[in-house]
Amino acid sequence: PKTLLPGCYFSSFWSDTALVFTNILSYLMQNGKRSIAYFGACNSETDNYNLSTLFSLYPAFDYTDIFYMTPDSIDDCFNEFFKARKKYDAVICTNDMVGVYLIERLKNNDPEYFDKTFIISFMNSILSHVCHIPLTSCSHSNDIVPSVIHNMYRFLSKTKDLFAQQTISQI
């Protein structure tokens, strides 16, 4: 089969990561939050891309601001972050599950720190809505997804031997 992008053999869409991070950083700066940790990284392709974007948009961000999960435990990640927490007034979590985990652990271990720290995650999953916790979660606008899928389907139905990718640039 032919492909529009080398190595791409499936059709997909994704969010514009730079736009998402630009909005996150703008929100944090507007609220006086300037010391940012990235929590729950697992050295995946997505995490590496997110971190690369964060480094390019926010020069104050440093490798020491990344807290990695081990394959065996997120608890080790939390323990390392907890030791350094006073340095940070905002935390970006890799996804909503990690965000919920971090919030629950901080509420139990240092409620005062938790109360003044902004925690943001990715996915905007149902979890971020039903857990009744103060988690800000970012993702693409779900209102636009049906039209993206429809447009991709129309394109692919005319060119059956091609694959397509589309970036959603609205969040």
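Analyst: Start with exposure: a residue is buried under 20% relative accessible area, exposed over 50%, and partly exposed in between. The model here is predicted. With those cut-offs, Glu80 is partly exposed because its relative accessible area is 44%. Lys83, at 65%, is exposed.

User: What share of the residues in the protein is buried?

Analyst: Of the 171 residues, 41% are buried. As for the overall layout, the secondary structure comes to 7 helices and 7 strands. Along the sequence they follow the pattern β-α-β-α-β-α-β-α-α-β-α-β-α-β. Among contacts with a separation of 6 or more, 72% join residues 24 or more positions apart.

User: How do I read the face of a helix?

Analyst: An α-helix has 3.6 residues a turn, so residues three or four places apart point the same way. Now take helix H1, residues 17-30. At 1.5 Å a residue, its 14 residues should span 20 Å, and the end C-alpha atoms are 20 Å apart, which agrees. The buried residues of H1 are Thr17, Val20, Phe21, Ile24, Leu25 and Leu28. They cover an arc of only 125 degrees around the axis, so they sit on the same side of H1.

User: Which residues are buried in H3, and what covers them?

Analyst: In H3, Cys77, Phe78 and Phe81 are buried. Their arc around the axis is only 95 degrees, which puts them on the same side of H3. The cover over the buried residues of H3 includes S2, strand S3 (66-68), strand S4 (90-93), H4 and H5.

User: Where does Phe114 lie, and is Phe114 buried or exposed?

Analyst: Phe114 lies in helix H5, residues 111-116. Its relative accessibility is 11%, so Phe114 counts as buried. Sequence distance and spatial distance should be read separately: Phe114 and Ala90 are 24 residues apart in sequence, with their C-alpha atoms 9.9 Å apart in space.

User: Next, charged pairs. How many salt bridges are there?

Analyst: The test is a side-chain nitrogen of Lys or Arg within 4 Å of a carboxyl oxygen of Asp or Glu. By that rule the count is 6. One of them joins Asp75 and Arg105, with N to O at 3.0 Å. Asp75 is in helix H3 (residues 75-84) and Arg105 in helix H4 (residues 96-109), so this pair ties together parts that are 30 residues apart in sequence. Asp75 is partly exposed because its relative accessibility is 36%, and Arg105 is partly exposed at 23%.

User: Which salt bridges lie within a single helix?

Analyst: Glu80 and Lys83 form a salt bridge at 3.0 Å, N to O. Both are in helix H3, 3 residues apart, about one turn of the helix. Lys107 and Glu104 form another, their closest N and O atoms being 3.6 Å apart. These two residues are 3 residues apart in helix H4, so about one helical turn separates them. Lys107, at 32% relative accessibility, is partly exposed, and Glu104, at 31%, is partly exposed as well. Salt bridges can also join into a network, as they do for Arg85, Lys86 and Asp110.

User: What about a charged residue that is buried and has no salt bridge? Where is Lys33 found, and what does its side chain reach?

Analyst: Lys33 is found in the loop between helix H1 and strand S2 (36-41). Gly32, which follows H1, has a positive phi, near 75 degrees. Lys33 is buried and has no salt bridge; the nearest side chain of opposite charge, Asp89, is 5.2 Å away. The salt-bridge limit is 4 Å. The side chain of Lys33 does reach the backbone oxygen of Lys116, at 2.8 Å.

User: Which residues does Lys33 touch?

Analyst: Not counting residues up to four places away in sequence, Lys33 touches Leu28, Asp89, Ala90, Lys116 and Phe118. Leu28 is one of the buried residues of H1.

Conventions:
Residues numbered from 1 in each chain as written. Predicted model: local features only at pLDDT ≥ 70, side-chain atom pairs only at ≥ 80, totals over all residues. Heavy atoms only, no water. Helix = DSSP H or I, 4+ residues; strand = E, 2+ residues; numbered from the N terminus. Buried < 20%, exposed > 50% of the residue type's maximum accessible area, 1.4 Å probe, protein only. Lys, Arg positive; Asp, Glu negative; His and termini not counted. Polar contact = N/O pair within 3.5 Å; in protein donor to acceptor, adjacent residues only side chain to side chain. Contact = heavy atoms within 4.5 Å. Expected span 1.5 Å × (residues − 1). Arc of directions from axis to C-beta.
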